[in-house]
Structure formats: C-alpha cells, structure tokens
Number of protein chains: 2
Amino acid sequence: MPEKPRILKRELVARTRVFRVEGLDLEFANGERRRYERLLGGPDGAVLVVALDAQERVLMIREYSAGSERYELALPKGRVEPGEALEAAAGRELQEEVGRGARDLRLLRSVSLAPGYIQHVTHIVLARDLYPARLPGDEPEPILVEPWPLARLDELLTHPDLTEGRSLLALLLARRHLDRETAGGVA
Amino acid sequence: MPEKPRILKRELVARTRVFRVEGLDLEFANGERRRYERLLGGPDGAVLVVALDAQERVLMIREYSAGSERYELALPKGRVEPGEALEAAAGRELQEEVGRGARDLRLLRSVSLAPGYIQHVTHIVLARDLYPARLPGDEPEPILVEPWPLARLDELLTHPDLTEGRSLLALLLARRHLDRETAGGVA
C-alpha cells in the first residue's frame, strides 16, 4: 500500500445551508503537490432500506428529486441521527417514509458515494417481518409507495425512473443475500 | 405520476474550484413551499469502466481518495469530455489510468449518485478485447492496477478497501451481463 500523502493545509472553502466544501493541500510521497476539494459529510451517514413484505415485494418509493428535477423511483433512506444504531435508523426511516415498522433489520453493506471527492457513507439495511406503523416525516407531500415483486428485479434494474446507483446496488445485494439463505448458506 | 413542483427561484449559492451549489425555491402541487439545494454537475457526466482481460480478470485500480483520506480500490473512471462518445471516453480513461485500450466497449447502464441533491450521471461501460496502450493522465502519482479474477467477485463485494457503491454495482451488472451472454441470452 502506498504511503499516504501529507495534508499540508485544510480549510473550509464554502458553506451553504446543506453543503460544506473543504479544500486540501496535499503532498504525495513522490513530492508532487496538489490542491483537492471534497464535500464534507456528517460522521453518522445515512441508511438505505430494502424492505420486503410477506409477498417478497420490495417497497419502493417515488419522490421528487431536486438533483434530477423529476420524480424518481428509489429505496427509502435518511440520515442516521447522532447516537442512533443503524438498524434503529433504518426502522425509523421506514416508518416515516413507508408507514411500516420492521422486526428483522440487518446491515448488508456500508458503501461510499464517490470517495474521491465526497465524504459520505450509506448503510444498506435489509428489513423484513414488517408491520403497519407510521411516524411523521418532514416531506413536503406524501411519499408514494410502490411495492415491486423482487421476482421482477430485471425490470427494476432497467427501469428508466430508477437511476440511483445505491438503490440498484442495494436491490442486487438483497437478492444475493436471499439466494444464499435459500441455499442454506450464510444467513 | 404527481405533478412536478414549480421552481419559483433558482440561484447559485456557492462556487468553488470544483463544486457549484444551486438553491431552489420549490412550490409543490399541494401549495407547500420548500428551499432545496443541489450540487450541480457537468452535462456530460462520467464513465466508470469494467475492463476484463483475456483471463476474465477485472482491472481494479488503487488510488488516493480525498473524500475518505485513504487509498481505495475502485474501477477506473473519469469525466466525459464535451462532444465525446461514452465508449470513446471509457476507452480514453482506460488508456490513461490502466494502460490498456479496448476494442469492445459497451454501455451497461447509466446511473445517478444521489438524485435528491446531486446532479450527476455515471455511465457504466464494459470493456473487453484489451491491448496495451497508454495515454498520459494527470494523476499526481502512478495509479496501481490490481487485476482481480471475476470468479472471486464475492471477495471483492466484501473487500474493506472497496467501498464505492458505483464500482460495486458495476461489478454486479457486468457479472449479470456475462452470465446472460453465456446462457445465450441478451448480448
């Protein structure tokens, strides 16, 4: 593994209501110097929830996305609160966005968005054994919930309204996890 | 599909060397008003390349990532230049970062990072029929190339140095694509 570059200087170069950008002056092991920038993230990250109902349908949501300026199909997600366990955060977000609680919550994988320039971690959680339960959310309008049979995963993987890489990855990881359980492998 | 919110106002709220943040005042169909922010992206997006050599090894790279402040394992990637075809961009990045050209390049899927607050698209390209070819890159130090047998995909999926969601998704999509070709399905 190469020797890490030395950080010669770090400074906040922009701060808005939502984003903070940090500038980093780096000196690499070979003496090369570069200025990098990165988007700072919270220390706790976010959860992304693959919730499966008793019919093995995944509960997708449809929500306005300002980044793409359209309604996107995606998995429920939200920020982990300070001190909150990942599974608890996933259960809370599911109640806020989908109106379901889950008795069985397990972390599948933690992933980064773009580690080169974004400091952000997303924890992918599989939720099963659901029951009706709703917590108030802070959405501007009700979130539409669309149950999709996981057996129709191929359709979801090519669906033009589902573009988010994290959600696509989470669906594929959930599928692999279930296949292994069925095969009597890792539970 | 719900009626899109009206954009009452949009303004650039921050601009740094690398990032631009736009503020959006939205009015939803139900009259609810909210202020959103999003990170603006270039119109052409980026390519992420799954390059397979003749031994069906995927050519991973190891590069310093400022977002996580460590060396990460990931797939080669880079920005699409204005007017450049996606396949050409993928071929160019592969030559710059890995020292290989590819005769067979095909787009597998275009994905977003986090469409709620980032305007960014990544085009996942499968590259095969490789040959030695190098273009100069702009990296501060040589990129390390690590060939990984795709047969050891499970190891990659749980590798602690490989955290990038896009790269993990791209590996799984490539695996599915190859399985279908082998099964005589969609090429």
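I'll start with the core. The largest nonpolar core has 68 residues, and of these Val50(A) and Val50(B) touch the most other members. A nonpolar core here is a set of buried Ala, Val, Leu, Ile, Met, Phe, Trp, Tyr and Cys residues joined through C-beta atoms within 7 Å. Buried means that 20 or more other C-beta atoms lie within 10 Å of the residue's own; 12 or fewer is exposed, in between is partly exposed, and C-beta atoms are placed from the backbone.

Some housekeeping. This is a predicted model, with local features needing pLDDT of at least 70 and side-chain atom pairs counting only at pLDDT 80 or more, while totals for chains, interfaces and linings use all residues. Residues are numbered from 1 along each chain as its sequence is written, and chains are lettered from A and ligands numbered from 1 in the order in which they are written.

Back to Val50(B). Leaving aside residues up to four places away in sequence, Val50(B) touches Val58(B), Leu75(B), Ile124(B), Leu126(B), Ala127(B), Ala170(B), Leu171(B) and Ala174(B). Contact means C-beta atoms, placed from the backbone, within 7 Å. There is also a second, separate core of 14 residues, and among them are Ala114(A), Val21(B), Leu113(B) and Ile118(B).

Next, chain A overall. Chain A has three helices and 10 strands, where helices (H or I, at least four residues) and strands (E, at least two) are DSSP runs, numbered from the N terminus. Along the sequence the pattern is β-β-β-β-β-β-β-α-β-β-β-α-α. The C-alpha atoms of chain A fill a box of roughly 60 × 40 × 35 Å along the principal axes. Chain A has 187 residues, of which 39% count as buried. Of the contacts in chain A with a separation of 6 or more, 59% are between residues 24 or more positions apart.

Now the helices. How do H3(A) and H3(B) cross? In each chain H3 covers residues 165–182, and the two axes come within 9 Å and cross at roughly 50°. Axes are lines fitted to C-alpha atoms, for helices over the stretch in contact, and angles run from 0 to 180 degrees between N-to-C directions. H3(A) and H3(B) are therefore oblique to each other; under 35 degrees would be roughly parallel, over 145 roughly antiparallel, and 65 to 115 roughly perpendicular, with the rest oblique. On the chain A side, the contact is made by Gly165(A), Arg166(A), Leu168(A), Leu169(A) and Leu172(A), and on the chain B side by Gly165(B), Arg166(B), Leu168(B), Leu169(B) and Leu172(B).

Last, the sheets. In chain A, three strands form an open antiparallel sheet in the order E1-E2-E3. Strands pair if DSSP finds at least two bridges between them. E1 (6–15) and E3 (33–39) of chain A are at the edges with a single partner strand each, so one side of each has no neighbour in the sheet. The twist averages 20° from one strand to the next. E1(A) pairs with E2(A), residues 20–27, over eight bridges, and Lys9(A) has Asp25(A) as its bridge partner.

Chain B also has an open antiparallel sheet of three strands, in the order E1-E2-E3. E1(B) and E2(B) form a hairpin with four residues between them. In this pair Arg15(B) stands opposite Arg20(B), and Ala14(B) stands opposite Val21(B), a residue of the second core. E2(B) and E3(B) pair over seven bridges, with Leu26(B) partnered by Arg34(B). Five residues separate E2(B) and E3(B) in their hairpin, where Gly31(B) in the turn has a positive phi of about 95°.

Methods. Contact = placed C-beta atoms within 7 Å.
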